[in-house]
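The report below treats a pocket and its lining, and then turns to the pairing of strands.

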Amino acid sequence: MSRAGGPLEKHRSQLDAVGALLGAVLVDVRARLADGRGAEVPGRVLDLHHVWDFYRTRFLLRRVREYRRCLDVADELAWECYGPVLGLAGSPPKEPPLVGFSRAASPRAHRRGSAYHDLLPRGGIHTREGRQAAARLPFPVIDVPWSFGSHLPALLTVAHEAAHHIDDDCGLGPGIRDRIAAAGLPPDRVVHWTRWSGEAFADVCAAVLCGPAYAAVLAELLEDTGDGVDERDFDGPHPPPPARVRLAAAAARLAGHADARDDGGGREADLVAGALVTGGWSGLRGLSLAQLLAPARASGGPDASAGARRLLAGGPSRCSSAAGVLAAAALAFQRDPAAYDRQDVGERAVAEVLRLRTAGTRAGAAPDPGDEEPRRRAHTEAGHAVLAALDATAGSTHPISP
């Protein structure tokens with residue numbers, strides 16, 4: 001399925017993870033059939049098919065051209081955000097995030113090892129043990145709304161969700177909170193920004209990678225929720241929409257994006273952005289976010305603003321990364337939506353991103369020869385955890401109440 005040049009070429013490690021997880025279960029099913037315990041098999045097989053369907057639909061959509069191109073572009077952006085973590089010295093080999101579509105109204109990140117039974121179609125799990133089986137994602141997942149497939153600029157939010165996986169897999173949470181506590185905020189504001197710390201980090205990472213275009217996209221997507229917000233009393237899980245936009249703009253400027261401007265957005269945004277962008281992170285081998293995510297910016301990388309002008313004029317953006325091309329497309333839409341449609345900017349930007357992809361399977365730094373077996377063993381152990389869940393109540397099944 002992941003042959004060279006095929007639609008699943010970039011997903012070898014993710015397919016291996018699912019294969020190892022379910023392979024352990026298949027061995028158990030065959031053993032039950034062989035030793036006379038066949039009566040226990042049908043319910044468990046139905047539930048395992050339902051669990052497998054979670055992965056199957058995400059992979060098979062990549063064999064449908066209409067969806068594959070969009071998902072390939074989203075995967076490239078997620079890889080540009082998350083992939084540098086895998087290249088850090090001493091980092092264990094891990095599967096990158098897999099992007100898929102969902103019915104949710106906004107993007108979501110589902111962390112490695114988290115439960116995903118609530119992501120399955122309601123009513124599909126036949127046993128309580130089957131519900132427990134869908135309890136450990138073998139790799140990170142990013143879901144975006146189906147509507148994003150027809151509006152390319154919105155895909156910049158994939159960088160925000162990929163940043164959540166950097167936070168999770170690198171254990172950055174305590175460091176993020178420590179930096180916010182030391183940012184120089186008024187004491188009454190530290191409490192709020194500490195609560196928002198993970199979301200603030202994700203917005204900052206997306207802005208470092210994608211530049212001011214991310215702030216522009218964020219402002220567009222949050223437009224309906226930003227009016228009348230009292231930022232002093234806002235108690236949501238994210239910072240207030242206007243504060244998020246200001247934070248992203250400040251982060252893009254501090255990261256060295258040539259097209260970022262100082263719009264005097266606000267002292268809090270500047271303090272938080274400065275605390276997160278400036279200085280190295282111990283969990284990132286001493287690199288700053290700009291060094292990790294956008295090293296070319298420090299020496300003057302391609303300008304997405306100029307790329308937007310070229311796209312609107314009918315040419316390629318000439319940006320050198322998926323993030324750059326998508327940022328240019330987003331800025332082109334912001335400047336002239338009619339010309340964006342007339343010049344077919346979205347489709348041309350997709351084609352440009354896909355031309356930038358390198359051949360071969362996607363991977364970080366080459367792992368040591370001894371690293372592959374522990375990873376394979378970890379996925380097999382996850383399969384045994386599925387079995388343990390299915391055996392939680394020996395000899396019986398428990399229908400789930402609607």
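Helix α5 gives the most to the lining of the largest pocket, with seven residues; helices (H or I, at least four residues) and strands (E, at least two) are DSSP runs numbered from the N terminus. This is a predicted model, in which local features need pLDDT of at least 70 and side-chain atom pairs count only at pLDDT 80 or more, while totals for chains, interfaces and linings use all residues. Residues are numbered from 1 along each chain as its sequence is written, and side-chain values use heavy atoms, with hydrogens and water left out.

The largest pocket has a volume of about 740 Å³, and of the 30 residues that line it, S106, P107, R108, H238 and R244 are the closest to its centre. A pocket is an open set of points on a 1 Å grid over the protein atoms alone, where a 1.4 Å probe fits, with protein on both sides within 12 Å along at least five of seven lines, and lining residues have an atom within 4 Å of a point. The volume is the space filled by probe spheres set on the points. At least two lining residues come from each of β2 (108-110), α5 (157-170), α9 (212-221) and α10 (241-254).

Strand β3 (residues 141-145) is largely enclosed by the rest of the structure, because five of its five residues are buried (under 20% relative accessible area, 1.4 Å probe, protein chains only). V141, D143 and P145 cover one side, I142 and V144 the other. Its pairings (at least two DSSP bridges between two strands) are tabulated here.

| Strands | Sense | Bridges |
|---|---|---|
| β1 (residues 98-102) and β3 | parallel | five |
| β2 and β3 | antiparallel | three |

Definitions and conventions: Buried means under 20% relative accessible area, exposed over 50%, partly exposed in between (1.4 Å probe, protein chains only).
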